[in-house]
Protein chains: 4
Amino acid sequence: MVAGRLSAPPIAALLGFTLEEVEPGRAVFALEPGEEHYNPIGSVHGGVYATLLDSAAGCAVHSTLPQGTAYTSLDLSTRFLRPVTMDTGKIRAVGTVLSQGRRTALAEAGLYDAEDRLLAHATSTCMLFPVPS
Amino acid sequence: MVAGRLSAPPIAALLGFTLEEVEPGRAVFALEPGEEHYNPIGSVHGGVYATLLDSAAGCAVHSTLPQGTAYTSLDLSTRFLRPVTMDTGKIRAVGTVLSQGRRTALAEAGLYDAEDRLLAHATSTCMLFPVPS
Amino acid sequence: MVAGRLSAPPIAALLGFTLEEVEPGRAVFALEPGEEHYNPIGSVHGGVYATLLDSAAGCAVHSTLPQGTAYTSLDLSTRFLRPVTMDTGKIRAVGTVLSQGRRTALAEAGLYDAEDRLLAHATSTCMLFPVPS
Amino acid sequence: MVAGRLSAPPIAALLGFTLEEVEPGRAVFALEPGEEHYNPIGSVHGGVYATLLDSAAGCAVHSTLPQGTAYTSLDLSTRFLRPVTMDTGKIRAVGTVLSQGRRTALAEAGLYDAEDRLLAHATSTCMLFPVPS
């Protein structure tokens, strides 16, 4: 997907975000905020933050799983720190695995602007399970 | 907005959700899930749940504020309980105010299918402040 | 334990809280706040709130489990709404199961004073698993 | 308090935890787990984790505040990763400020054993306000 050989998932196409980097235990998604992401008061809706942070946290977990193991996100605890508008420019959600056990993994994700200011933060617990074969 | 006299915010138009009901301390948003909301594994992305839950919680808080008071969401703690697909049919996010103080309000929101099964749950703290005049 | 036939767990003895009620899907713990629960600024420490809410949420989940199934709390998302002091009088944490699946359960808990004002709120996801035999 | 010149708050005396380090934006609390901290299943109660994490997060925020500014914790989102028993030995909660604005601050805290394995994690939003004079 990073290399452009896999098509983006539908939600990424709809909202316009892309996977920028992925390595074991870390994933980065990016979005250029536009008016179409706005809430009624003229800034990017919190749900867009959550979508990016959830994607980054989940993909970071996914990147560490051995073959035959799948995951599902149990929750996402998001903190909104700064408003985002079109003037913010490109924003990046960086997900990192904090802890990985046999049955669950914990990831955190930070949303940053171009000056690396933290705009939002999230943690997410994922449940791991064997892929039904 | 419920009556169709105000235009929907851009994010609602983009994702296709609508405000269905609002009364003091309670707000309901609805969405017909489609393939455009899907994550890479073929179900609705958690960020879409979060968008609906955040909208419902925030709007419930907004509905109780006296004139001259505004709010901003500080966080959204979302729990994902069941996968949602196009087969789920219309889903509804019902936001309710749990507590309102002078400086903050706490709201919860539940996401339900047509059989009123709980698909996801969230709580959100909003900070209240005087509208700058 | 409610009937006084089982001894309280050590942490309950140390902090002075008791199980007051338990029925399938619901559990209530109570505490008489004292100076020993205080933080440096002269009110009950948030950790005491969390202890009561975690106990109530976990016990509510426990009360619904079939024989041979155990649980472990994955998280506790606590919201602090009002300060508690000795003047507050007895406080009660009421835990309720919101959703129970095959692998996880979600519970919420509210902390109330004698006038049933909400002092704090929490949600908790528990992972369910077969008891090793 | 670190230097032993201030008395510990009552809850710290009751549970037996101590402030080990504090510097601007960072605070460390420590506890030697004992049987008195146990839940009914023979490991340290989640509320004890939450007490340490809340103390570390709050104290980290407190350490950065200018004179005349106070704070109150709005929430604590705790993740439980590993069980703790007396065999775990001394545990340390390390709180760090992630972001500080004019009206709120966000802190995270990790709970570690002697081998620096992450046992639990929390984030907390604090509201800042002028000290009433």
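Predicted model: local features only at pLDDT ≥ 70, side-chain atom pairs only at ≥ 80, totals over all residues.

1. On the side of chain A that touches chain D, at least two residues are supplied by each of β4 (75-80), β5 (91-100), β6 (104-112) and β7 (118-130) of chain A, and the largest share, 5 residues, comes from β7(A). Sorted by class, this side of chain A has 4 nonpolar, 6 polar and 3 charged residues.

2. The contact between these two chains takes 13 residues from chain A and 14 residues from chain D. The area buried between chain A and chain D is about 1,100 Å², and carbon and sulfur atoms give 50% of that area. Salt bridges between chain A and chain D number 2; in a salt bridge between Asp75(A) and Arg79(D), the closest N and O atoms are 2.6 Å apart.

3. The interface of chain B and chain A deserves a separate description. Here the contact takes 27 residues from chain B and 27 residues from chain A, and the buried area is about 2,200 Å², of which carbon and sulfur atoms give 64%. Between chain B and chain A there are 2 salt bridges, and the side chains of Arg79(B) and Asp75(A) meet in a salt bridge with an N to O distance of 3.8 Å. The residue pairs in polar contact between chain B and chain A, both at pLDDT 80 or more, come to 12.

4. Which elements of chain B supply the side that touches chain A? At least two residues each come from α1 (10-15), α2 (46-62) and β4 (75-80) of chain B, and α2(B) gives the most, with 7 residues. The residues on this side of chain B divide into 12 nonpolar, 10 polar and 5 charged.

5. Over all chains, the salt bridges come to 32. One of them joins Asp75(C) to Arg79(B), with the closest N and O atoms 2.6 Å apart. This pair crosses between chains, running from strand β4 (residues 75-80) of chain C, which holds Asp75(C), to strand β4 of chain B, which holds Arg79(B). Both Asp75(C) and Arg79(B) are buried.

6. Glu23(C) forms a salt bridge with Arg26(C), in which the closest N and O atoms are 3.4 Å apart. Glu23(C) counts as partly exposed because its relative accessibility is 41%, and Arg26(C) counts as partly exposed because its relative accessibility is 26%. In chain D, the side chains of Glu21(D) and Arg92(D) meet in a salt bridge at 3.0 Å, N to O. This pair links distant parts of the chain, with Glu21(D) in strand β1 (residues 17-23) and Arg92(D) in strand β5 (residues 91-100) of chain D, 71 residues apart. Glu21(D), at 29% relative accessibility, counts as partly exposed, and so does Arg92(D), at 22%.

7. In chain A, salt bridges that share partners join Glu20(A), Glu21(A), Glu23(A), Arg26(A), Lys90(A) and Arg92(A) into one network.

8. Which residues does Leu111(A) contact, leaving aside its neighbours within four places in sequence? Leu111(A) is in contact with Tyr49(A), Leu52(A), Leu53(A), Ile91(A), Arg92(A), Ala93(A), Arg117(A), Leu118(A), Leu119(A) and Ala120(A).

9. A last point concerns a loop residue. Glu35(C) lies in the loop between β2 (26-31) and α2 (46-62) of chain C. Residues up to four places away in sequence not being counted, Glu35(C) touches Met86(C) and Pro10(D). Although Glu35(C) and Thr85(C) are 50 residues apart along the chain, their C-alpha atoms are separated by 7.9 Å.

Definitions and conventions. Residues numbered from 1 in each chain as written. Chains lettered and ligands numbered in written order. Heavy atoms only, no water. Contact = heavy atoms within 4.5 Å. Buried area = accessible area lost by both parts, 1.4 Å probe. Salt bridge = Lys/Arg side-chain N within 4 Å of Asp/Glu carboxyl O. Polar contact = N/O pair within 3.5 Å; in protein donor to acceptor, adjacent residues only side chain to side chain. Helix = DSSP H or I, 4+ residues; strand = E, 2+ residues; numbered from the N terminus. Nonpolar A, V, L, I, M, F, W, Y, C, P; charged D, E, K, R; others polar. Buried < 20%, exposed > 50% of the residue type's maximum accessible area, 1.4 Å probe, protein only.
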